[in-house]
Structures are given as C-alpha cells and as structure tokens.
Amino acid sequence: NIFSSVLGNNISPVREYTIVHKFNNSFKRNIPESHMASIRICSVRLVTDVAKALSVIVNPVDRKNTKTFTVRMPEFTDDILTWAFLRGAFEGDGCITGLDNKEALKYPTAKGLKVRIISASPKFLTDIQTFLTSKNISSNIYDATRTQQLSMRAHHAIRFLRNIYPIDTSKAQRLERKYTTAIEWINRDNIIQELSIQEFNGNYRSAARKFSKQFRNKFQKESK
C-alpha cells in the first residue's frame, strides 16, 4: 500500500565531504586532502559589488557591523530565484528536527516537524520572514546563544520544504542529506493527504491518526 511503499524506501544520503572533494579537485592544482573548501575573491570591484548587493560594510571598524551581523537577504526578480536562495540558506545554516527522536515517533506526521534557519543577523531573518509571510507560511524568530533562529512548524514547514525542493531540483542544486530528510517528511504528508481523500472524506486529522498508528506499529516490529 501507499504507506509501506514510502517508508520501505530507504535512501542512503551522500556525504558532504564528497562534494567538497570534487570541488577541490576541480582546480588544476595540488591541494591537500581536506574536508573544507573555500573561494578567496581578490577583485576589489567584485567584493564591492557583492557587499553592495548584500548591504554589508567592507572592512568595518566595529565588529558588530560585519557581514555576520548585518547581512540582508538580496532582492530577486522572481520567486524561483528567491526559493533557490532560501534553499542555500537552509542547507548552509538550517536544520530539520522531529525525525529521530521520541516526538517523531509520537507525532510522525507534519505535527511533529520543525524547520529552522539560524543566523547572527536579525535583519536577514526578518527579510526571510517577510517573504514567507507573503506566501502564507507562518514563522517565528527566537533568540538563541549569540544567534537568532527562524522557526517553522507543521504544515508551514512542509510548505517551505515543498517550495525549496520542487520536483525538478537537480542533484547539483541540493545537499543530499537535507534533501533526503525533507523528502521523507513531504512523502509522509502526501500519504496522509491520499488517505484523507480515500478513506476519511478529506479529513486530514483522521488520516493522520491512522498513519501514526501504522507508523508506530511498523517501527516497533522493525525494532524487535
């Protein structure tokens, strides 16, 4: 059935260091084996243009005026570019929680899902929140140790994941570990929506309860 067909699909994620390794090897130079990769921009004009686009100060006197604390979200001409940018922000400084803990077992549906993006720049997160609000995606910004977090829950988190990972997202444009986790949650939501139509007259809550029961039973059998 549709429930077991998705949960039985175990996708093994690609480790990020392989991407870094390929990046380093793309240069025709002997670079020591490393789990890090970086690009140093030495063009004054290019640095100035990038800083202007991101509304940051080059070589500020006060550390609080550095890019880390003042960067803003760029303005794009269309939503496709904006969602692609948010995919990069999420994969670089975001996380999905609720998949590998007791809460996920208790609430394996969208109810147990939380998606967060972390930044030291309050304006950056506020810009993201403004855009998400325009797309009917609710979010909250919380203070954390030396940073702030933008958090989305349940169906709002699902909507966010669907937009940053459209069906035609190529492997070259995504981080496999984050993508795999996101798709698992999206697939769960798809199952519940189908169940709600097939068996519960469109009642999502009833379908979610049945899904949760099946999920727990399957998990307990596999754990024995």
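Over how many bridges do strand β2 and strand β4 pair, and in which sense? Strand β2 (residues 114-119) and strand β4 (residues 147-153) pair over 6 bridges, in the antiparallel sense. The model is predicted: local features need pLDDT of at least 70, side-chain atom pairs count only at pLDDT 80 or more, and totals for chains, interfaces and linings use all residues. Residues are numbered from 1 along each chain as its sequence is written, and side-chain values use heavy atoms, with hydrogens and water left out.

**View 1. The open sheet and its strand order.** Four strands form an open sheet: the 4 strands run in the order β1-β2-β4-β3, with antiparallel pairing. Its edge strands, β1 (94-97) and β3 (140-144), each pair on one side only. From one strand to the next, the twist averages 25°. Strands are DSSP runs of E with at least two residues, helices are runs of H or I with at least four residues, and both are numbered from the N terminus. Two strands count as paired if DSSP finds at least two bridges between them.

**View 2. Strand partners across the sheet.** β1 and β2 run antiparallel and are joined by 4 bridges. Gly94 stands opposite Ile117 in β2.

**View 3. The β3-β4 hairpin.** β3 and β4 pair in the antiparallel sense over 5 bridges. Ile141 has Leu150 of β4 as its bridge partner. The two strands form a hairpin with 2 residues between them. In the turn, Arg146 has a positive phi of about 65°.

**View 4. Helices on the sheet.** Helix α7 (residues 122-134) lies across β2, β3 and β4 and runs at about 15° to β4. α8 also packs on the sheet, touching β1, β2 and β4. The direction of α8 makes about 100° with that of β4. Contact means heavy atoms within 4.5 Å. Axes are lines fitted to C-alpha atoms, for helices over the stretch in contact, and angles run from 0 to 180 degrees between N-to-C directions.

**View 5. Lys123 and its partners.** Lys123 sits in helix α7. The C-alpha atoms of Lys123 and Thr70 are separated by 6.8 Å, although the two residues are 53 residues apart along the chain. Leaving aside neighbours within four places in sequence, Lys123 is in contact with Val71 and Arg72.

**View 6. The crossing of α8 and α9.** The axes of α8 and helix α9 (residues 176-199) come within 10 Å and cross at roughly 120°. His155, Ile158, Leu161 and Arg162 of α8 make the contact with Ala182, Trp185, Ile186, Asp189, Asn190 and Gln193 of α9. By class, this contact has 5 nonpolar, 3 polar and 2 charged residues. Ala, Val, Leu, Ile, Met, Phe, Trp, Tyr, Cys and Pro count as nonpolar, Asp, Glu, Lys and Arg as charged, and the others, Gly among them, as polar.

**View 7. The second largest pocket.** This pocket is lined by 12 residues, and Thr109, Lys111, Tyr204, Arg205 and Ala208 lie nearest its centre. α8 (154-164) and α10 (204-223) each supply at least two residues of the lining. α10 gives the most, with 5 residues. The lining divides into 5 nonpolar, 3 polar and 4 charged residues. A pocket is an open set of points on a 1 Å grid over the protein atoms alone, where a 1.4 Å probe fits, with protein on both sides within 12 Å along at least five of seven lines; lining residues have an atom within 4 Å of a point.
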